[in-house]
Amino acid sequence: MKRFILVIATLFLCVVSFAKTDPYDLTAGPWVTNVTDSSFTVLWTTAKTGIAFVDVVEGDLKGSWFKADKKRVYQRLGGRYYPCTLHTVTVNHLKPGTRYRYRIGGKQLIDQIDPYEYTYGFERYSAKPYEVTTFDSHASTCSFSAVNDMHLMVEKYSNLIQTESTLSKDFILLNGDIISAGDYSLDSLIYYNLGPLDKLTQKLPVMFVKGNHEGRGNVYEQANQIYPTSTREYYYTFRQGPVAFLVLDAGETGYEPSIGFSGAPAYVDYLQEQLEWAGKAVSEPSFASAPVKVCLIHVPMIGNADSANYSTLTWMAEYFVPFLNSAGIDLMVSAHKHVFSLRQPGELGNNFPIFVNSNHDRLEFEADAHSVHIRTYGEDGKESHSFDLSL
Ligand SMILES: [Fe+2]
């Protein structure tokens, strides 16, 4: 009888132990975005509704996770925890250029019968720690790998991005049109965006630039939810090492009389709003002091021959390009055209080169305070284009 009780007790402990380390209904993630010198944002989804938290440890994990000096940050809104399935936790007060380990966790909501005291299940958390390194505006270099215009082609996306070279970069950049117009759920949006990155998201931040196709279909607001930004808009700035990035959203580019584009002329108001915001953003010390200034925008500011029906493109060429010239932008990295092109300074009133990556190449960017180097590679791993800029 004693032996029987011992076996049952052992089995019970095994079940409890497994439950404690199971990633509690994790359906996607985690992924990290919105990184600064002192913060990062972790996101993930769960099948069941619950409250969430992130446990963070500075530096390399030496010894047991359980004995490490951890900082716990809960997902909160208005000062309180709240149950949901898309979890977003921003960890602040961190050191620049520092590697952190983190685990995600939470408690499943059991019921809300008493509005003053919800009932939650046991605390559970991810089975293993993930890692992320904060940005460092004093770092001597900046690097990223980028893809764009994947348009639901997850195999191509995966083939392009899954390389050792990507792993060595500071972050991954998605330069828009990762999806196409269509009917999505939040889960499918996340699948097309982050599925091909697979385990890369467990080490590298993902920074996002909205394409025109993210403005179509039924989830146009949710791309912003899976890639929250410092401005809560699709336009924002960030800095890594010597490079300050100005991220813009060209909005819709479609043929304006088409009702399928949901009122394209309204996008000019949106562009005007961005221009006003950008005027302040480029004056911020962290941007203005950067030795290298790069504008990231999915749609290149090269206008359109049919200016009557593509007025947003004309507007950008007329108003944004002079502004970017005056802001000292050194380079624009764009996408959208599906073929490579390089516009030299002066071609279209631009004082900066415009590099347009194709939809079948991975773009690798490396910069220091005096130069920028871009190389692109196809699915076969062969270099397809190169560009060097001395500053
Ligand atoms: Fe596009």
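Modeller: The model is predicted: local features need pLDDT of at least 70, side-chain atom pairs count only at pLDDT 80 or more, and totals for chains, interfaces and linings use all residues. Residues are numbered from 1 along each chain as its sequence is written.

Biologist: What radius of gyration does the chain have?

Modeller: The radius of gyration is taken over C-alpha atoms, and the globule rule is 2.2 Å times the number of residues to the power 0.38. For 391 residues, a compact globule would have a value near 21 Å. The value for the chain agrees with this, being 23 Å.

Biologist: How many helices and strands does the chain have?

Modeller: Helices (H or I, at least four residues) and strands (E, at least two) are DSSP runs, numbered from the N terminus. By that rule the chain has 8 helices and 21 strands.

Biologist: Which strands are the edge strands of the open sheet of 6 strands?

Modeller: Two strands pair if DSSP finds at least two bridges between them. The order in this sheet is E12-E11-E10-E19-E20-E21, with mixed pairing. An edge strand pairs on one side only, and this holds for strand E12 (206-208) and strand E21 (383-390).

Biologist: Which residue of E21 is the bridge partner of His373?

Modeller: Strand E20 (residues 371-377) and E21 run antiparallel and are joined by 7 bridges. In E21, the partner of His373 is Asp388.

Biologist: Which residues of H6 are buried?

Modeller: A residue is buried if 20 or more other C-beta atoms lie within 10 Å of its own, exposed if 12 or fewer, and partly exposed in between, with C-beta atoms placed from the backbone. On the other side of H6, Asp269, Gln272, Glu273, Glu276, Gly279 and Lys280 are exposed. The buried residues of H6 are Tyr267, Gln274, Ala278 and Ala281.

Biologist: Why do the buried residues of H6 line one face of the helix?

Modeller: An α-helix has 3.6 residues a turn, so residues three or four places apart point the same way. The arc is that of the directions from the helix axis to the C-beta atoms. Seen down the axis of H6, the buried residues line one face because they fall within an arc of 55°.

Biologist: How far apart are the end C-alpha atoms of helix H6 (residues 267-281)?

Modeller: The expected span of a helix is 1.5 Å times one less than its number of residues. The 15 residues of H6 should therefore span 21 Å. In agreement with this, the end C-alpha atoms are apart by 20 Å.
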